[in-house]
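Work through the exercises below with the structure open beside you. Try each task before reading its solution.

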Amino acid sequence: MSRSASFFVFFGVALSLTAGLHYYIWARLVRDPGLPPLAFRLLTALVILLCASIPLTLWLYRMRPLENMRPLLLGMFGWMGLMFFTVVLLGIGDVGRLFARLLQNGDPVDPARRLAVSRMFGAGVALVATSLGAVATHQGLTRLTVRRAKVRLPRLPKALDGFKLVQLSDIHVGPTILRDFIERVVATTNALEPDAIVITGDLVDGSVEQLREHVAPLTGLRARHGVYFVTGNHEYYSGAEDWCDELTRLGVRVLRNERVTLGNDDASFDLAGVDDSSAHRFGRGHGADLPKAVLGRDPARELVLLAHQPRAVFEAKDQGVGLMLSGHTHGGQMWPWNWLVRLQQPVVSGFETFERTLVWVSNGTGYWGPPMRLGAPAEITELVLSSGELSGEVVAVEDADSFPHDSVG
């Protein structure tokens, strides 16, 4: 199938799904409660308008400058987040009503009672979904945390105790995350005085041409041993090769199935990075190749791996990786999405040990799609390394705005 044909198939499926979800919301919240005629017509028109706004806004986004579209995009993605909460609550309610009917053993239900229950249920769902959306939007747009963690690695030289890695992940610069947020992230990261900075993929959602100006502040990142990057799946939707070149121009070292040495002489460890696990689908020589990255290394040395998706751990644990840093999951971003993420990834957020490999999964520094977070705050991660028995623990979670910020670019 050609790329253009694939696009139209994807667009058709996405449009059908969007229409179906809006119909479900309309049926449960507008049709079933038996609203007065005027309210019924107004709310029906609103649901149709909201449904049409999604493809229309995305079409306009392709035609107009990004900066001019941000308010409309925030509104559209905000509605998508609210729609998610609404559909989840409606689904939970419908499952509950199904069980209630089964317990009634087929006894007839009074129509007036059914209508009253439908109205109460609809009002309750609308109220709870709106409340969850408001809280999630506030957290998504305003709250950025610094999660401080301590990591002990058996092969790390004692001389490197206190080595500070700062991880950024899943920033998703693009439709609604622009230069001002990157400046904030860079200032906070520099305030932590890292020894090295790592960016574990999904930095962008858009081409270099669209986003060059908004990513430019990354050139202000400061770390004694440098700044490193590995691709995530979204780089491959946005022109991965162009982005690798652009980041290199900005002073960021892109690790594509390779490793470098951090530290000096014997007081050092290996840092490796691999392409995203989905990269092979895009051809042009891309694809995760951990054996290539570790070929010829001394197994007595400590090895830290950057891999966008946590599922890379199954290969990492067989290749002598001591610590793997990942993102991709966003910590679920919005409850209860984290339950579904766990079906695809072995770790959703935080530390977990796989044999002799410790994995850390960041919640991500930005967000994707809806400007919302619920139960998984955005983070910059500070990992302080020391020698000792393999372990990791979070010791503090602080507001990013509590750190002194120097002006950036």
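Predicted model: local features only at pLDDT ≥ 70, side-chain atom pairs only at ≥ 80, totals over all residues.

Residues are numbered from 1 along each chain as its sequence is written, and side-chain values use heavy atoms, with hydrogens and water left out.

**Exercise 1. Find which residues touch the most other members of the largest nonpolar core.**

Step 1. A nonpolar core is a set of buried Ala, Val, Leu, Ile, Met, Phe, Trp, Tyr and Cys residues joined through side-chain atoms within 4.5 Å. Buried means under 20% relative accessible area, exposed over 50%, and partly exposed in between (1.4 Å probe, protein chains only).

Step 2. The largest core holds 59 residues, and Leu203, Val215 and Leu247 touch the most other members.

Step 3. Ask where the core comes from. Helix α3 (residues 66–103) gives the largest share, 13 residues. Helices (H or I, at least four residues) and strands (E, at least two) are DSSP runs, numbered from the N terminus.

Step 4. Look for another core. A second, separate one has 25 residues, among them Leu153, Leu306, Leu358 and Leu385.

**Exercise 2. List the contacts of Leu203, leaving aside neighbours within four places in sequence.**

Step 1. Apply the cut-off: contact means heavy atoms within 4.5 Å.

Step 2. Read off the partners. Leu203 contacts Ile171, His172, Val173, Val215, Leu218, Phe229, Glu235 and Leu247.

**Exercise 3. Locate the salt bridge between Glu393 and Arg152, and state how exposed each partner is.**

Step 1. Define the pair. A salt bridge is a side-chain nitrogen of Lys or Arg within 4 Å of a carboxyl oxygen of Asp or Glu. The whole structure has 21.

Step 2. Check the distance. Glu393 and Arg152 meet at 3.9 Å, N to O.

Step 3. Glu393 is in strand β13 (residues 391–399) and Arg152 in strand β1 (residues 144–153), 241 residues apart.

Step 4. Glu393 is partly exposed at 38%. Arg152 is also partly exposed, at 32%.

**Exercise 4. Is Glu246 buried or exposed, and what does Glu246 pair with?**

Step 1. Glu246 forms a salt bridge with Arg212 (3.6 Å, N to O).

Step 2. Glu246 lies in helix α7 (residues 240–249), Arg212 in helix α6 (residues 208–215), 34 residues apart.

Step 3. Glu246 is buried, at 6% relative accessible area. Arg212 is partly exposed, at 39%.
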